[in-house]
2 protein chains.
Amino acid sequence: MVKRPTLADVAAEAGVSRALVSIVIRGVPGASDATRERVLAAAAQLGYRPDARARLLRSSRSRLLGVVFDVDGPFHTEILEALYPAAAALGYDITLSARGHRRSEGEAIRSLLDLGVEALLVLGPASPSDALAAQPAPVVSVLEPHTDPRLSSAATDEAAGIALAVKHLRGLGHSRIAHVDGGTAAGSEARRLAYEQLMAEDGAQPLVIPGGPNETDGMKAARELLALRVGRPANELPTAVVVFNDDAALGFLHELDAAGTAVPSELSVVGYDDSRLAALAHVQLTSVRQEPDAIAAAAVEAAAAALEGRRTHTLVPPSLAVRSSTAPLAAVAR
Amino acid sequence: MVKRPTLADVAAEAGVSRALVSIVIRGVPGASDATRERVLAAAAQLGYRPDARARLLRSSRSRLLGVVFDVDGPFHTEILEALYPAAAALGYDITLSARGHRRSEGEAIRSLLDLGVEALLVLGPASPSDALAAQPAPVVSVLEPHTDPRLSSAATDEAAGIALAVKHLRGLGHSRIAHVDGGTAAGSEARRLAYEQLMAEDGAQPLVIPGGPNETDGMKAARELLALRVGRPANELPTAVVVFNDDAALGFLHELDAAGTAVPSELSVVGYDDSRLAALAHVQLTSVRQEPDAIAAAAVEAAAAALEGRRTHTLVPPSLAVRSSTAPLAAVAR
DNA sequence: AAACCAGACTAGAACGTTCTAGTGAAGATG
DNA sequence: CATCTTCACTAGAACGTTCTAGTCTGGTTT
């Protein structure tokens, strides 16, 4: 249990003042190359590491970003991992605070502010804009698009994601495409509106089946779709469905399977999120993939911009992970 | 952007010294009830919150625990959420650091030490014991049992978990129970040994099929089991299987399904982890459930004990989530 | 040769707490 | 009545950095 070396120890070892060691360690101008080298050697020899507490306390700029994430937020951990290099690239550090059933967003935010973060990155914020805007540090809403001019945001371009799905299906020959929406879940409205607009542009009849973010919501939606078939001619029924997210799509698929409807030969299904579930061998769900690296980079840039007074709202285009839940329109279904 | 109030502001407001405010805020003895009330009122009125940086820098005891978790570690987020209340109960605070493909365990640990944590809780440590033991703060290995006397640990009692699974199956009438192991994955050896011991106690023939932690490992194991059936009498074949974890069990189920083997009527299957996957509607996998609250509490207690020089190694008993992948031994299989 | 300048370096204050070592008053003990 | 003890409270140092406001040296300009 030896005490860790401090600036003063390094200064003594190198025969200079503490202030000069600080200058060298931070890499700011004000030291000659010769002493710079000598100081770095002394630091390395003693195994010196700057004390984050003292640094945070004293610096005018802490260069620390606070990240609030949800313990079971889909996609949150992917973003987390991408945030570390993204922040490092702009010279920022990151500290985390989890939100969950037993720990509110407010608590998570307060603990970060107590540590002196310069800005807050909130993944899928649950608080209303007013609460976020009232924080004493700039807030970046990540994964959840916002247009509030008091906030910044970095999120997936939901409209582009839905467009990818719909255009993929059209390319396979599908024209009657339905949408299972996300109910009141975050992003649901944006995705539904994008779907409706795409249908309108094509002169196609939209069919929105009410859904939700969970497996059971998808199951319910599937039963509703199956019930539609009764007494309708086949050429009015959808041949493809874009479901709000992978969880719901999984329930949807399960219910189709139980009813004996074959995927993709009778019905093509697209999910959203490209979660772990979508890639499972027995699922193989075509899904809209959000780009964690791009979103993380945009989020950190938004934070940096906000610290200079500029609020930015970035939409990151998603991509499509094509698997075997979608297939060309079969002759039987025409 | 008003500056946040400090101890000095509260002291001025209440007409006492900074030191006394510190005493009141920390709730330590040394102030009369009357002034205590007055100080708290002043603090509340100003919206005072202690500055974590100054506090960490100055205190002899930071009462801060550093948690290293894996961005895609199964079960890690469940533990995370449980750790907050568990730590609070013992008067500790928690700070997080993520490990991932692009951020090593060492980096995660160093950043926590720079912040002045008193002890490290490492979820599913990847570093060798020697590296962990060499850290300047006590290390608690969480979710990964350890017997190294230089470390502490809090993990699930793997033997008890396997016993739960095996006894559940025996209770259903199964006597020929196979095990798909986890290969080199953490915990695999402990689970396999427990299985073999249980078989020996019952005078039963063990059948260990080599597997691994992933879906594809489970698929491979299933093909191996199916191949065994060729040229063997039915009364020598297993009627139930305990698989290393849920991921592998999922692949295992998928392959059985493809081969037309019915679960649970022809073969009962038990998983391990009770992950989100196991509860999915079309999976409904009986699975050994680790207890996050109990593990988290044990981990924090281990940290507290380690700070007093006592290393503890706690094994937390799991429970069994019974679903429909297991059923009484059918007449056909006898 | 006086005046200026840039660069390298330093002394000491400051950040907001907690800790140490007290002070002063009121009551208890001999 | 002198001496201890306890309690409520305070002054000021300390934690390890960064920041401000310098000083000193040696070279360049007037």
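I began with the secondary structure of chain A and found 13 helices and 12 strands, where helices (H or I, at least four residues) and strands (E, at least two) are DSSP runs numbered from the N terminus. Chain A has a radius of gyration of 26 Å, well over the 20 Å that the globule rule gives for 334 residues, so it is more spread out than a compact globule; the radius is taken over C-alpha atoms, and the rule is 2.2 Å times the number of residues to the power 0.38.

I noted that this is a predicted model, in which local features need pLDDT of at least 70 and side-chain atom pairs count only at pLDDT 80 or more, while totals for chains, interfaces and linings use all residues. Residues are numbered from 1 along each chain as its sequence is written, chains are lettered from A and ligands numbered from 1 in the order in which they are written, and side-chain values use heavy atoms, with hydrogens and water left out.

I then looked up the extent of the C-alpha trace of chain A, which spans about 90 × 40 × 35 Å along its principal axes.

Next I turned to the annotated spans, whose UniProt positions are given in the numbering used here, with shortened feature names and annotations that may be inferred rather than shown by experiment. An unreviewed UniProt entry gives "domain: HTH lacI-type" for residues 5-59 of chain A, and I found this stretch to be 69% helix and 0% strand, with its end C-alpha atoms 20 Å apart. For residues 163-195 of chain A, the unreviewed entry lists "domain: Rhodanese"; this span is 52% helix and 12% strand, and its end C-alpha atoms lie 7 Å apart.
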